[in-house]
Amino acid sequence: MGTQTPARRAQWLGVGALVLTAVMWSWNGPLIKLLHANGAGVPAVSIAFYRSFIGGLLIAPWAIRPWSTRLRAPFLLRVAAVGAFTLMTITFIVTASMTTAASAIVLQYTSPIWVVALSPFLLGERIPKGEAAILLIAMVGIGVIFVGAPLGARLAVVIGIGSGFSYALVQLTVRGLRRVHPATVACANAIGSSLLLLPAVLMWGSLAVTGRQFILLVVLGVVPFAFPYVLYAYAARYVQAYRASLIVLLEIVLTPIWTYLVVGEVPPRSTVVG
């Protein structure tokens with residue numbers, strides 16, 4: 001191999017960070033299933049609140065010092081990032097509580113379609129033909145999973161599609177904030193979303209949890225939330241949004257596996273084929 005330029009090395013580090021991000025994100029499914037317990041555990045809106053709040057607090061020590069990097073970003077972009085993150089958080093957790101983890105993650109990963117469609121207009125990034133073909137193949141696999149999966153109620157499908165769209169907006173806004181320190185991006189989005197979700201928790205959820213549930217919420221806030229979003233924000237500095245959305249499709253493969261091993265939820269046959 002020839003000597004790589006610093007920019008090339010940084011891009012490969014970004015790809016590695018995205019792979020690790022997908023692995024950590026894939027633990028959302030089983031942890032949410034353990035917490036929600038088919039409606040007998042923590043309400044979905046409360047899970048969303050605690051996940052954001054705990055994750056944001058954990059990131060805060062690394063985010064406060066470089067906060068000035070966020071203040072230099074456009075105000076509307078900062079607001080849009082928090083709004084998109086909040087919408088993605090609540091829609092994914094609600095979908096995961098209403099249907100199988102495999103179906104929920106498939107619906108969320110319709111996001112690359114939106115990313116590819118919006119990137120040229122919002123970021124000025126156009127996808128090369130070769131990677132467009134790879135994305136098309138990946139979307140065919142998702143289509144197989146989507147058609148064959150027992151999606152349950154129609155409402156779950158609608159919310160899940162909203163999860164995919166909002167996830168695409170998160171990817172685009174985080175890429176737009178690539179000059180902001182990664183920890184600051186993740187912390188601001190997490191704390192901001194927890195504040196936006198708090199009124200909904202007080203109205204439709206509950207802040208009361210058991211000791212076991214609190215431990216699970218801390219794990220949820222750390223493993224598939226706080227650290228991977230810092231990694232994703234770091235990777236967004238060096239990897240285009242459409243390419244990042246393709247790499248993290250690995251989460252679709254891993255989520256059903258962990259969920260089956262932890263709670264025994266069997267993914268549909270179409271999920272395996274897809």
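**Close-up views of a predicted model**

**Figure 1. Val174 lies in helix α9.** The model shown here and in the views below is predicted. Val174 has a relative accessible area of 5% and is therefore buried, the limit being under 20%. Leaving aside neighbours within four places in sequence, the residues in contact with Val174 are Val185, Asn189, Tyr232, Ala233 and Ala236. Gly39, 135 residues away from Val174 along the chain, has its C-alpha atom 33 Å from that of Val174.

**Figure 2. Ser163 is a buried residue of helix α9.** The helix runs over residues 154-176. The relative accessibility of Ser163 is 0%, so Ser163 counts as buried. Its side chain makes a polar contact with the side chain of Gln108, at 3.3 Å. Gln108 is also among the residues that Ser163 touches, together with Met88, Thr91 and Phe92, when residues up to four places away in sequence are not counted.

**Figure 3. Helix α6 is mostly covered.** The helix comprises residues 101-108, and eight of its eight residues are buried. These are Ala101, Ala102, Ser103, Ala104, Ile105, Val106, Leu107 and Gln108.

**Figure 4. Ser119 is found in helix α7.** This helix spans residues 111-122. With a relative accessibility of 1%, Ser119 counts as buried. Ser119 touches Gly124, Glu125, Leu172, Ala241 and Tyr242, residues up to four places away in sequence being left out. The C-alpha atoms of Ser119 and Ala17 are separated by 21 Å, and the two residues are 102 apart along the chain.

**Figure 5. Lys33 and Glu265 form a salt bridge.** Their closest N and O atoms are 3.4 Å apart. The pair links distant parts of the chain, 232 residues apart: Lys33 is in helix α2 (residues 28-36), and Glu265 is in the loop between α13 (250-263) and α14 (269-273). Both Lys33 and Glu265 are buried. A search of the whole structure finds one salt bridge. Side chains of opposite charge can pair when their charged atoms come close.

Figure 6. The structure has 12 aromatic pairs. Phe49 has a relative accessible area of 9% and is buried, whereas Phe53, at 33% relative accessibility, counts as partly exposed.

**Figure 7. Seven aromatic residues form one cluster.** The members are Trp25, Phe85, Tyr109, Tyr167, Phe225, Tyr229 and Tyr232. Tyr232 is also in contact with Val174, the residue of the opening view.

**Figure 8. Helix α10 has a kink at Leu197.** The helix consists of 23 residues, 182-204. From its first C-alpha to its last, α10 reaches 32 Å, close to the 33 Å expected at 1.5 Å a residue. The kink is about 35° and lies shortly before the proline Pro199.

Definitions and conventions
Residues numbered from 1 in each chain as written. Predicted model: local features only at pLDDT ≥ 70, side-chain atom pairs only at ≥ 80, totals over all residues. Heavy atoms only, no water. Helix = DSSP H or I, 4+ residues; strand = E, 2+ residues; numbered from the N terminus. Expected span 1.5 Å × (residues − 1). Bend = angle between axes of the 7 residues up to and from the residue. Salt bridge = Lys/Arg side-chain N within 4 Å of Asp/Glu carboxyl O. Buried < 20%, exposed > 50% of the residue type's maximum accessible area, 1.4 Å probe, protein only. Phe/Tyr/Trp six-rings, centres within 6.5 Å; stacked < 30°, edge-to-face > 60°. Polar contact = N/O pair within 3.5 Å; in protein donor to acceptor, adjacent residues only side chain to side chain. Contact = heavy atoms within 4.5 Å.
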